[in-house]
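Welcome! Here is a short tour for anyone meeting this structure for the first time. Please have a look at it before reading on.

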Amino acid sequence: MSARALAVGCLLLAVGFGALGVWQLERRAWKLDLISRVEARIHAPPVSLAGPAAWGGVTARDDEYRRVSATGQFMHERETLVQAVTDLGPGFWVLTPLRTPNGVVRLKRGGGPPARRDPEMRRAGSPIGEVTVIGLR
């Protein structure tokens, strides 16, 4: 291998490592900004959940991890169980529609092990009547 080929190879490696270093610095700035936004939003007072007419204006940049509140009645007869696997093992997420004055929204209400798939096993955690829920968008 000639000295010239070795120099070109070293130069390419230096440029590549420099690009990776710049990428890491940009990624760090992005991550610190994300952490700052999440921390500010999860500790802020909740805002009312907007109706479907405003959903087109919701963006991840402006609204992810924003605390929201909604008042309505759960539609337990229309809940959906979604298969899930977590560090605790297999189970499911419970998704339940909430009928509000602004429309219906589907809420992820938590999860459970396979043995609690039967709605009768979860009846105590299924409120009836008007409820106000607070969660993250």
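## The core

A nonpolar core is a set of buried Ala, Val, Leu, Ile, Met, Phe, Trp, Tyr and Cys residues joined through side-chain atoms within 4.5 Å. Buried means under 20% relative accessible area, exposed over 50%, and partly exposed in between (1.4 Å probe, protein chains only). The largest such core here has six residues: A70, F74, L98, V105, L107 and V131. Strand 2 (67-74) and strand 5 (103-112) are the elements that give two or more residues to this core; strands (E, at least two residues) and helices (H or I, at least four) are DSSP runs, numbered from the N terminus.

## About the model

This is a predicted model, in which local features need pLDDT of at least 70 and side-chain atom pairs count only at pLDDT 80 or more, while totals for chains, interfaces and linings use all residues. Residues are numbered from 1 along each chain as its sequence is written, and side-chain values use heavy atoms, with hydrogens and water left out.

## Two residues of helix 1

Let us turn to helix 1. L13 lies in this helix, which spans residues 3-42, and L13 counts as exposed because its relative accessibility is 52%.

R37 also has its place in helix 1, but R37 is buried, with a relative accessible area of 14%.
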